[in-house]
Amino acid sequence: MIKLLTFSTLYPDSTRPTHGIFVETRLRHLIAAGKIKGRVVAPVPWWPLKTLFGGSYIKYAGVPRAEVWHGIDVEHPRYPLIPKIGMTAAPLLMATALKRVLSRIIDHGYDFDIIDAHYFYPDGVAAVMLGRALGKPVVVTARGSDLNLIARYFFPRRMIQYAARNCAGIITVCQALKDTLIQLQVEPNKVTVLRNGVDLALFRPPRNRQALREHLGVTGKTLLSVGHLIPIKGHDLVIGALSGLRDYHLMIAGEGHEETKLRHLVSSSGLTERVRFLGTLSPEVLADYYGAADALVLASVREGWANVLLESLACGTPVVATSIGGTPEVVSVSEAGVLVNNRNPRALSEGVKTLFAKYPDREKTRRFAEQFSWDATTAGQEKIFSEILSNRQDHEDREEE
């Protein structure tokens, strides 16, 4: 059985149960298949006290050092991160701080075979540094802004290229990210596209949709916008689109520093009666809202592989989304919904009108989503890890001869 060490700052903990949940979900399905054991190292920036002034860093002080999360051993070691200039130094600081942690894990009996790193920068770069120091192969998964945004900066781009050259394999969650790596002069044969799946048992059409809508207080044609309340998610654009959609209501699920601004926009636009802020929802409750809504609207400026799209489709709810990143790979048929090429309120409202003018059969929407189970992704990971370790063993055998 392969012993895997998953390494990423994107992983849930008891203080942030939905943080990086897509990494955890993929790992849980992989372990459940029975061929791979897993542990997690999910480092967080060091901050001394919960109440000490530190802006956004304060939230990290409450993260436990170690915990068992959904049956998986997870450690949250600290690493120093210098505010404002941390992007440049982060990979080296992370690798330096965590070498002792990974060595201790090996010494205490979990001599892992391979490092499974998520997010190319700084996580993937630090993982490759650690892999070289400890003699362990590393597979890095690219997920979105690590390539679409961070790679635009000179030093991070060079370090991403360094990690790509020196890791044993690369996974991207969509073809668009593989294309980006190729543009960064990464060898195409080194990159495998393994799309995220969706939990088809959790995200499924409601048994009685009308009863659910009544229970949740959903009436009339209702749109849903899901994601952190931050500028790149475009919730303000979805709110603006309501001006051209006078018979529609909107629900917004998520939290973030833009909430006050968004609430003011709703109020100043005279939309208080038509917009509801739901806050952060558990996956189980979010599934109900997907099922109750008539359409999901995703107005992101960038995405790798947006999990909310598949979650909505699995609940039978079609989507209207900006045509960016891997989104066209999901919204590829009429049953899935409508893509908009211009990211503005008018384009979104027109996209919604187009969807409702020929609204798809919700059962067909669900059937389309059923092709995105986790099975293929799990099998793909098993194949990559096994081949890397087999090639490594062959190389060692040849050296001994």
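Modeller: What follows covers helix packing, then backbone angles, then cysteines. This is a predicted model, where local features need pLDDT of at least 70, side-chain atom pairs count only at pLDDT 80 or more, and totals for chains, interfaces and linings use all residues. Residues are numbered from 1 along each chain as its sequence is written, and side-chain values use heavy atoms, with hydrogens and water left out.

Biologist: Start with H3. Is it mostly covered or mostly open?
Modeller: Helix H3, residues 120–134, is mostly covered, with eleven of its 15 residues buried. Helices here are DSSP runs of H or I with at least four residues, strands are E runs of at least two, and both are numbered from the N terminus. Buried means under 20% relative accessible area, exposed means over 50%, and partly exposed is in between, with a 1.4 Å probe and protein chains only.

Biologist: Which residues of H3 are buried?
Modeller: Among them are Phe120, Tyr121, Pro122, Val125, Val128 and Leu130.

Biologist: At what angle do H3 and H5 pack?
Modeller: About 45°, with the axes of H3 and H5 (residues 154–166) 9 Å apart. Axes are lines fitted to C-alpha atoms, for helices over the stretch in contact, and angles run from 0 to 180 degrees between N-to-C directions. H3 and H5 are therefore oblique to each other. On this scale, angles under 35 degrees count as roughly parallel, over 145 as roughly antiparallel, 65 to 115 as roughly perpendicular and the rest as oblique.

Biologist: Which residues meet there?
Modeller: On the H3 side they include Phe120, Tyr121, Val125 and Arg132, and on the H5 side Phe155, Met159, Ile160 and Asn166. Contact means heavy atoms within 4.5 Å. By class, the H3 contact with H5 has twelve nonpolar, two polar and one charged residues. Ala, Val, Leu, Ile, Met, Phe, Trp, Tyr, Cys and Pro count as nonpolar, Asp, Glu, Lys and Arg as charged, and the others, Gly among them, as polar.

Biologist: And how do H7 and H10 cross?
Modeller: The axes of H7 (residues 209–216) and H10 (residues 283–292) come within 9 Å and cross at roughly 115°. That makes H7 roughly perpendicular to H10. Arg209, Leu212, Arg213 and Leu216 in H7 meet Asp288, Tyr289, Gly291 and Ala292 in H10. That contact of H7 with H10 has four nonpolar, one polar and three charged residues.

Biologist: Back to H3. What is the peptide bond from tyrosine 121 to proline 122?
Modeller: It is cis, with omega near 5°. Proline 122 lies in H3 itself. Most residues other than glycine have a negative phi, and most peptide bonds are trans.

Biologist: Which residues other than glycine have a positive phi?
Modeller: Tyrosine 119 is one of them, with phi near 85°. Tyrosine 119 sits in the loop between strand E7 (114–118) and H3, and is buried at a relative accessible area of 15%. Glutamine 185 has a positive phi of about 70°. Glutamine 185 lies in the loop between helix H6 (175–183) and strand E10 (191–193), and is exposed at 72% relative accessible area.

Biologist: Is cysteine 167 buried or exposed?
Modeller: Cysteine 167 is buried, with a relative accessible area of 5%. Cysteine 315 is buried too, at 1%.
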